[in-house]
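Subject: Structure handover

Hi,

Here is the structure I promised to pass on. Please open it first, then read my notes below.

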Amino acid sequence: MPKATTSTFRVQPTSAAQRPNKKNGESSSSASAAGGAARNHLFDTARFGQHILTNPLVAQGIVDKANLKPTDIVLEVGPGTGNLTVRILAACRKVVAVEMDPRMAAEVQKRVLGKPEQKKLEVMIGDFVKADLPYFDVCISNTPYQISSPLVFKLLSHRPIPHCAVLMFQREFALRLVASAGSKLWGRLAANVQLYARVEHIMKVGKGNFRPPPQVESSVVRIMPRDPPPPVKFEEFDGLNRVIFSRMNKTVRANFKAKGVAELIERNYKTWCAENGVIIEDGFDIREKIDTILLDSGYADNRAAKMDVDDLLKLLAAFNVEGM
């Protein structure tokens, strides 16, 4: 799996002195880019693509779907003002909340100040995508929209493998995650994620349940990583998918004839031959080699839009056998 970029990431106390003042002349375009129909006047949620979940029934429903145990450590990404956090704390041993905005982090800590739950809450301030994550059993997130894809793949590459993740996304992104081969939304994202996890759609959440309300509807999905993960190099599987999903309704053979594809495969193949002491014969033609592999595999005239994860793995295996 791809490794997320990491950097030093400190757990900081969130005192009032640490809260940055709102800058004058802050661009209003950031709010529209985040999809908010209205600004949150207490916190600059638009800056981080966050929409605060305000419906307590929805918040409790998300926690219930995680099937938490009293011994679980939960990672929460983007806790906002803590509406989910306080419900998670009631059901588990510890919550590690990763929040980009120091003011929101302070608000979360206020929610449990002086209560028994205070000792169960750890707040990390900074960029989740760059963070070195601690151990956790379950991840729950009302996900800031702009980190949806990085969040999913960072969770799938985390070790030890978590039990599950219950994540809220924009509905279109959520439906792309759970799409099946042959459906309109099937694509590289779904194939890559479903190789490493089972994914199910568990809840629709209307835009009126947030402040500020986003411009699109949301959905909650549950991701259950496969443990142990399949013995497949993600870079190779994704590389194959980049080729054949570039034009999903074209045949696999046609996609491999696209500009630059054969040249890239040939460079990689020559590197593999050099590392493994394989001599390349005179007159070797990479295009003929690719065509032979595709014909022998039986997938030359298939289309990516109809190929499921098992089909993709078989095609990858056919190339791997030939050192590609």
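Start with Lys 289. Lys 289 is partly exposed, with a relative accessible area of 23%. Here buried means under 20% relative accessible area, exposed means over 50%, and partly exposed is in between (1.4 Å probe, protein chains only). The side chain of Lys 289 meets that of Glu 322 in a salt bridge, at 2.8 Å from N to O. A salt bridge is a side-chain nitrogen of Lys or Arg within 4 Å of a carboxyl oxygen of Asp or Glu. Lys 289 lies in helix α11 (residues 286-297) and Glu 322 in the segment after α12 (309-321), so the pair ties together parts that are 33 residues apart in sequence. Glu 322 is partly exposed too, at 31% relative accessibility.

Two notes on the source. This is a predicted model: local features need pLDDT of at least 70, side-chain atom pairs count only at pLDDT 80 or more, and totals for chains, interfaces and linings use all residues. Residues are numbered from 1 along each chain as its sequence is written, and side-chain values use heavy atoms, with hydrogens and water left out.

Now the whole protein. It has 324 residues, and 48% of them count as buried. Its secondary structure comes to 12 helices and 9 strands. These are DSSP runs, numbered from the N terminus: helices are H or I with at least four residues, strands are E with at least two.

Back to charges. The salt bridge count is 9. One of them joins Asp 238 and Arg 188, at 2.7 Å from N to O. That pair links helix α8 (residues 234-244) with helix α7, 50 residues apart. Asp 238 is buried at 8% relative accessibility, whereas Arg 188 is partly exposed at 32%. Arg 188, Asp 238 and Arg 242 form a network of salt bridges.

Which buried residue has no salt bridge? Glu 99 is buried without one, and the nearest side chain of opposite charge, Arg 103, is 8.9 Å away. (Lys and Arg count as positive, Asp and Glu as negative; His and the chain ends are not counted.) The Glu 99 side chain does reach the backbone nitrogen of Gly 80, at 3.2 Å.

Last, the inside. The largest nonpolar core has 62 residues, and Leu 75, Ile 244 and Phe 256 touch the most other members. Such a core is a set of buried Ala, Val, Leu, Ile, Met, Phe, Trp, Tyr and Cys residues joined through side-chain atoms within 4.5 Å.

Best wishes

Conventions. Polar contact = N/O pair within 3.5 Å; in protein donor to acceptor, adjacent residues only side chain to side chain.
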